[in-house]
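Subject: Structure handover

Hello,

Please find the structure below. My notes come after it.

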Amino acid sequence: MIFNLNKIEQKALNITYIPVVLIIFDVSRAFADKVGLIETLLLLMYCIYFILFVRGILTTNIWITIFLCYALILAFFSSDIERTIINYTRVFISLFMFPIAYYQVKTLSDLRKLNLSIIWLIIIFVLNGIVTSTLGIGANPYRGSFVMGIFIYSKLYSGSLALVLIPLWMTSIKRNFYKYVLLFFSFILFILLLLSMRRTAILIPIFGYMIYFFYSHYKKQIVIGFVSIIAFLVLSFPLYKDILYSQMAARRNIFNRNYNIANEGRYLEGAIVLNERFGNEVHWGITLFGDEVFNEYGKYANGYFGTRYLHVDFYKILYTLGTFGLFFYLMIFYNIWGKFQRYKVNISNDPCYREMVGIFVTLFLLSFFISIQGGMFDITFRSILFIYFGALLGVFEDSASKKQRFITQDV
């Protein structure tokens with residue numbers, strides 16, 4: 001046994017339940033105060049439990065440990081220690097989902113349980129979107145009429161990632177009837193993302209399947225699925241066109257001929273951050289170690305952008321944790337990719353595993369796209385992302401070790 005946990009503890013602390021728990025907390029935030037604080041504390045205790053009582057967690061990806069220790073030391077020099085620690089805790093939770101999933105998910109059966117959690121995430125996401133939009137519960141950051149409870153900004157990305165994971169969770173469903181029902185829910189989910197007018201949330205599944213197409217052995221099915229989605233959107237257009245037009249009007253700043261990406265905050269912040277960390281007059285200590293850990297609000301550009309935070313995760317890390325911080329953070333992904341390359345050579349040739357390889361590469365590349373758009377402090381979608389990194393690598397490692405043992409015995 002890898003864990004020093006009894007059977008009851010293993011079941012109660014099983015990470016395959018986490019995605020559905022996260023979405024339930026997200027839904028609850030629109031109806032009750034302090035839910036976010038309760039969620040953060042519970043998940044923090046969950047991670048700490050594994051760190052204290054499970055061997056090997058801290059060294060699964062040593063760069064996660066190095067990055068978080070480095071950030072914690074510098075956090076105490078922040079001018080707003082409360083905000084820094086809150087944001088640090090959110091990053092801590094999502095990153096540590098990787099080693100926990102890596103050790104807990106080892107078989108296809110484990111992965112199917114995790115996929116079932118994603119299925120429930122989709123159902124709950126859609127039901128919440130329908131109910132809250134009908135009742136007018138929530139806020140619209142673009143001042144449009146469409147609301148979905150707490151699901152705004154990066155909160156939408158959990159739904160986007162769930163759509164990318166369809167090829168995985170489809171294998172967990174045996175009866176075709178249930179597959180069609182869940183695909184219908186997935187169609188509705190994409191329409192909700194479309195109505196949100198959050199560009200990143202819409203592009204995640206689109207870019208995801210563009211990447212996955214090149215790795216999948218089911219290209220025909222992907223094309224059929226794409227055509228089906230277009231047909232579904234066209235046929236159902238009269239049902240949501242008024243809301244869509246209203247949302248487009250609310251976001252007229254990007255839907256007009258005068259739109260220029262050079263005026264986007266994400267575009268401008270790059271030059272600002274690089275100048276304020278590598279400029280001629282910048283002290284070497286600031287360049288190496290940054291300043292104000294996870295608390296850049298109102299600090300960069302001499303406060304010109306007010307309380308706006310840095311949206312690009314890499315700029316955020318460079319600005320607040322310096323060159324060392326960015327290096328440690330990128331090494332986390334280097335370690336993940338290195339594990340994948342090591343296991344990929346020896347994993348099973350079963351079609352199921354080949355599709356899992358395509359999904360892993362898709363998620364890995366999407367993680368950088370999402371990082372450019374921001375959302376580093378969102379627990380839900382980042383936890384799901386790192387859970388699947390750990391889960392897929394755990395299954396790959398188990399498959400590779402079994403294949404290697406078989407070869408050794410055969411020789």
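What follows covers helix packing, then some loop residues.

This is a predicted model: local features need pLDDT of at least 70, side-chain atom pairs count only at pLDDT 80 or more, and totals for chains, interfaces and linings use all residues. Residues are numbered from 1 along each chain as its sequence is written, and side-chain values use heavy atoms, with hydrogens and water left out.

**Helix packing**

Helices here are DSSP runs (H or I, at least four residues), numbered from the N terminus. Axes are lines fitted to C-alpha atoms over the stretch in contact, and angles run from 0 to 180 degrees between N-to-C directions.

Start with α7 (residues 108-135) and α10 (residues 176-196). They pack at an angle of about 50°, with axes 9 Å apart. The pair is therefore oblique (under 35 degrees is roughly parallel, over 145 roughly antiparallel, 65 to 115 roughly perpendicular, the rest oblique). The crossing of α7 with α10 is left-handed (the near helix is turned anticlockwise from the far one by less than a right angle; clockwise is right-handed). Contact means heavy atoms within 4.5 Å. On the α7 side, the contact residues include Ile119, Phe125 and Gly129. On the α10 side, Leu182, Phe185 and Ser186 are among them. By class, 12 residues are nonpolar, two polar and none charged (Ala, Val, Leu, Ile, Met, Phe, Trp, Tyr, Cys and Pro count as nonpolar; Asp, Glu, Lys and Arg as charged; the others, Gly among them, as polar).

α10 also packs on α12 (residues 219-235). Their axes come within 11 Å and cross at roughly 65°. This crossing is right-handed. From α10 come Phe184, Phe187, Ile188, Phe190 and Ile191; from α12 come Ser228, Ile229, Phe232 and Leu233. Eight of these residues are nonpolar, one is polar and none is charged.

**Loop residues**

Most residues other than glycine have a negative phi. Lys34 has a positive phi of about 70°. Lys34 sits in the loop between α2 (18-28) and α3 (35-53). Met197 also has a positive phi, about 60°. Met197 lies in the loop between α10 and α11 (199-213).

Buried or exposed? Lys34 is exposed, at 62% relative accessible area. Met197 is buried, at 6%. The cut-offs are under 20% for buried and over 50% for exposed, with partly exposed in between (1.4 Å probe, protein chains only).

Lys106 is in the loop between α6 (81-104) and α7. Lys106 counts as buried, at 12% relative accessibility. The Lys106 side chain reaches the backbone oxygen of Tyr102 at 3.2 Å.

Best wishes

Definitions and conventions: Helix = DSSP H or I, 4+ residues; strand = E, 2+ residues; numbered from the N terminus. Polar contact = N/O pair within 3.5 Å; in protein donor to acceptor, adjacent residues only side chain to side chain.
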